[in-house]
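Here's a quick briefing to keep beside the viewer while you click through the side chains.

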Amino acid sequence: MVSDDFRGALFILAGMLIFSVQDVLIRQLSDGGSLLQVLTMRGVLGALVISIFVKLTGRQLTISSSYPFLAASRVVLFFVGFLCFYFALSHMRLAEATALFFASPLFITAISKLVLKETVGMFRVAAMIIGFIGVMFIVQPSADGFSVIAIFPLFTALTYSISMMIARHTKEKDTIWQQMLHLYIGSALFAGVASLVLYILGLDEIDLPYAGYIVRQWSFADSHVLSIICMVAVIGSTGMLLLTSAYRVGTPSVVAPFEYSLLFLAGAWGFFLFGEVPNAYSIFGMVLIVSSSLFIFVREAVRKRPLAVKTSLRT
């Protein structure tokens, strides 16, 4: 008989494959699509998919929260964070952006130790430091400066870490389905309002060419772009359901490391579709980030004090 952890691992691998395809599609849309349009439609269709799934499985569909302020804060963090990440995908190698996002467990460990004053052993502190050294190898600061865009996925990792710690606090009364609906509905609202503000102000990619993917006006004339946006919305929701199922049936400390298969997939898509080859410094940095994060997962399992493996690293 197949174990629950084995099923959880399969769900994770399938989810990571779906998310890797989503990231490629979002990258391709950067040439002619609007990221705010993508996030709006992804939020609307994602909320619809989740609502249908909840109804079909006989669960109660509730949108309200027992922690309205914390829920709203988490929605803002997720929206701003992933807006930055998806924007970074249009300017960075897929593998490098993904690796920097996977610094999330390092931030969770740092926040737990420095802000929440939770007990974090010296081994996990050492792993955290090594992981951040890996970040520096990817960002590659020098006397001439560094690529500012590399800060975006790092900022996503930070906002994601804080939002996950909020989710850990609110999970006693807010179900995972409520939290997912909050994220999708919030994404649609914020992206829609931001698009409306840009339209009223008359700003577009001519005024801000570097941020064209964000400020570009919506388009409904290109059926190819619309079809890709719809695909992003549907497969993104499917990936989220797979990850949620993985953490429901499997042991978090066992299934979480399989999320790092996304880094391999991002590297493969980047190489075969875009001809991207990270340099030796970036590859070494990726190794440091992944190995240190995996070590943190292992130590949490040993000490039975989970901080970073309670939930999925992607959404």
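Arg27 sits over the face of Phe274, 4.4 Å from the ring centre; a charge counts as over a ring if NZ of Lys or CZ of Arg is within 6 Å of the ring centre and within 35 degrees of the ring normal. Arg27 also makes a salt bridge with Glu276, with the closest N and O atoms 2.4 Å apart. Keep in mind that this is a predicted model, where local features need pLDDT of at least 70, side-chain atom pairs count only at pLDDT 80 or more, and totals for chains, interfaces and linings use all residues. Residues are numbered from 1 along each chain as its sequence is written, and side-chain values use heavy atoms, with hydrogens and water left out.

**Salt bridges**

- A salt bridge here is a side-chain nitrogen of Lys or Arg within 4 Å of a carboxyl oxygen of Asp or Glu, and the count comes to four.
- In general, side chains of opposite charge can pair when their charged atoms come close.
- The Arg27–Glu276 bridge ties together distant parts of the chain, 249 residues apart: Arg27 is in helix α1, and Glu276 is in the loop between α12 (261-274) and α13 (280-303).
- Helices are DSSP runs (H or I, at least four residues), as are strands (E, at least two), numbered from the N terminus.
- Arg27 is buried at 14% relative accessible area, and Glu276 is buried too, at 11%.
- For these labels, buried means under 20% relative accessible area, exposed means over 50%, and partly exposed is in between (1.4 Å probe, protein chains only).
- Arg7 bridges to Asp4, with the closest N and O atoms 2.8 Å apart.
- Arg7 and Asp4 are three residues apart in helix α1 (residues 4-29), so about one helical turn separates them.
- Glu96 and Arg93 meet in a salt bridge at 2.8 Å, N to O; Glu96 is buried at 7%, while Arg93 is partly exposed at 30%.

**Aromatic pairs**

- Rings of Phe, Tyr and Trp (its six-membered ring) pair if their centres lie within 6.5 Å; planes under 30 degrees apart count as stacked, over 60 as edge-to-face and the rest as tilted.
- By that rule there are 20 aromatic pairs.
- Phe82 and Phe101 have ring centres 5.8 Å apart and planes at 55°, so this pair is tilted.
- That pair joins distant parts of the chain, with Phe82 in helix α3 (residues 68-89) and Phe101 in helix α4 (residues 94-101), 19 residues apart.
- Phe82 is buried at 6% relative accessible area, and Phe101 is buried at 1%.
- Phe87 and Tyr210 have ring centres 6.1 Å apart and planes at 80°, so they pair edge-to-face.
- Phe87 is in helix α3 and Tyr210 is in the loop between α8 (176-201) and α9 (212-215), which puts the partners 123 residues apart.
- Phe87 is buried at 3%, whereas Tyr210 is exposed at 53%.
- One aromatic cluster is formed by Phe78, Phe82, Phe85, Tyr86, Phe101, Phe102, Tyr160 and Tyr260.

**Covered helices**

- Helix α4 is mostly covered, with eight of its eight residues buried; among them are Leu94, Glu96 and Phe101.
- Helix α5 (residues 104-114) has nine of its 11 residues buried, so it is largely enclosed by the rest of the structure.
- The buried residues of α5 include Pro105, Phe107 and Ile111.

**Nonpolar surface patch**

- Val76, Val80, Val148, Ile151, Phe155 and Phe190 make a nonpolar surface patch of about 460 Å².
- Patches are made of residues with over 30% relative accessible area and no salt bridge; like charges are joined within 9 Å and nonpolar side chains (Val, Leu, Ile, Met, Phe, Trp, Tyr) within 5 Å.
- Accessible areas come from the Shrake-Rupley method with a 1.4 Å probe, and for residues only the protein chains shown count as cover.
- The elements giving two or more residues to the nonpolar patch are α3 and α7 (151-170).
- Val76 lies in helix α3 and is partly exposed at 38% relative accessibility.

**Confidence**

- pLDDT is the predictor's confidence in each residue, from 0 to 100.
- The protein chain averages 87, and 92% of the residues score at least 70.
- Among the elements, α3 has the highest mean pLDDT (95) and helix α11 (residues 252-255) the lowest (75).
- Where pLDDT is low, the predicted coordinates should not be read in detail.
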